[in-house]
Structure formats: C-alpha cells, structure tokens
Amino acid sequence: MDIKKTTTSTGFKLSVMTLAIMNVTAVVSLRGLPAEAVYGLSSAFYYLFAAIVFLIPTAMVAAELAAMFSTKQGGVFRWVGEAYGARTGFLAIWLQWIESTIWYPTVLTFGAVSIAFIGMNDVHDAALASNKVFTLCMVLAIYWIATFIALKGLGWVGKISKWGGMIGTIIPAGLL
C-alpha cells in the first residue's frame, strides 16, 4: 500500500520587495549621509558600485546555497559545514553571532540618541542624549519591543521592517 505524504506549510514567506527593503535599510544608513554630501552626485556611483560588486554577488551566492540545501535546515552553519566540516560551520555561525552582538547595541545606541533629539530644546536634547541611564533604558526598550515583534512571527517582522524601512530610511534618504 502506497501512502503519500503531504506536507502543508503554515509558515509566512517574505516577499522579494520586503526582503530588498530590509537589506537596503540594513546597509544604507542616514547617519552617513552628511559625510557623503561632500561627494555630491558622485556618491550615487559608489552606491551602485557597491551594489554591483558586493550586494548582488552576495545575494546570488546566498540564493544558490539556499537552493542547494533546500531540503536541510541550518543556514550559514549548514552551508559552511557541508563544504568545510562541522567545526568550520560552528566557527562561521559563532562569528556571525559575535558580529551581531556588537552591531545591535551600536545601532540601538544610535537610535536612542537620535530619539533624544526629537524635542525642541537643543540644550535639553543634548543633555538627554548624553544621559547614560536614558540611553540604556531606550536600548533595552527597543530591543525588547523588537523581540516581542519577532515572537509574533515572520509576518509581523516583514510588515514592520517594510514600512519602517520605507518611512524611516528610504523616503527620508530620497528627500535628502
């Protein structure tokens, strides 16, 4: 007797547009725009150069590796582990974890200091931005809010990332 196994996926998949916005907002930051303003329109060349030389090839490699190991789980650990062994796979994922451990507090601190400058009084805003307790509380609040959003599922993460990236980075960068 033949029994066919059918699997149904209940997982949410990110659209290409949402994934693109998430990647653009992760790489492009408004923080560097004032320094890049010196280069004027030629800075567009550098962004295109970076996209062609780094971002597109990296995306193609990731897509190829994901397709090669589509029946297995593991991401970077699986990709590197299959090619170079489990120890090297562990090293790759550990290095990625360490990089994130440093990157998240740095970006969240920038966000907390930026939030401090929302007010109208420059002296008060500067004092608030240099207040370490305020910065720590804001970093922890943003981190935990992001954690709770992630616990709601990939659908929530995708929606908030897409709209947040559009409203917070892409539209302001276009206007600048």
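**Note on a predicted helical model**

1. Four residues of helix α5 are buried: G89, L108, A112 and A116. Buried means under 20% relative accessible area, exposed means over 50%, and partly exposed lies in between (1.4 Å probe, protein chains only). Helices are DSSP runs of H or I with at least four residues, strands are runs of E with at least two, and both are numbered from the N terminus.

2. A word on the basis. This is a predicted model, in which local features need pLDDT of at least 70 and side-chain atom pairs count only at pLDDT 80 or more, while totals for chains, interfaces and linings use all residues. Residues are numbered from 1 along each chain as its sequence is written, and side-chain values use heavy atoms, with hydrogens and water left out.

3. Confidence comes next. pLDDT is the predictor's confidence in each residue, from 0 to 100. The protein chain averages 84, and 93% of the residues score at least 70. Among the elements, helix α7 (residues 132-152) has the highest mean, 93. Helix α2 (residues 33-36) has the lowest, 77. Over residues 4-9 the pLDDT is below 50. Beyond near neighbours in sequence, that stretch has zero contacts in the model. Contact means heavy atoms within 4.5 Å.

4. Back to α5, residues 86-116. This helix has 31 residues. From first C-alpha to last, α5 reaches 45 Å, close to the 45 Å expected at 1.5 Å a residue. The expected span is 1.5 Å times one less than the number of residues. What covers the buried residues of α5? The cover includes α4 (75-84), α6 (122-129) and α7.

5. T109 is found in helix α5; T135 lies in helix α7. T109 counts as partly exposed, at 34% relative accessibility. T135 is buried, with a relative accessible area of 12%. Apart from neighbours within four places in sequence, T109 is in contact with T135 and V139. Not counting residues up to four places away, T135 touches T109, A112, V113 and A129. One of these, A112, is also among the buried residues of α5.

6. Now α7 against helix α8 (residues 154-175). The two pack at an angle of about 130°, with their axes 5 Å apart. That makes α7 oblique to α8. Axes are lines fitted to C-alpha atoms, for helices over the stretch in contact, and angles run from 0 to 180 degrees between N-to-C directions. Under 35 degrees counts as roughly parallel, over 145 as roughly antiparallel, 65 to 115 as roughly perpendicular, and the rest as oblique.

7. Which residues of α7 and α8 meet? I149, A150 and K152 in α7 meet W156, V157 and I160 in α8. By class, this contact has five nonpolar, no polar and one charged residues. Ala, Val, Leu, Ile, Met, Phe, Trp, Tyr, Cys and Pro count as nonpolar; Asp, Glu, Lys and Arg as charged; the others, Gly among them, as polar.

8. A173 is worth a look. This residue is found in helix α8 and is partly exposed, with a relative accessible area of 27%. A173 and L33 are 140 residues apart in sequence and 8.1 Å apart in space, C-alpha to C-alpha. Leaving aside neighbours within four places, A173 is in contact with L30 and L33.

9. Last, L140, which lies in helix α7. L140 counts as partly exposed, at 42% relative accessibility. L140 and A63 are 77 residues apart in sequence and 34 Å apart in space, C-alpha to C-alpha.
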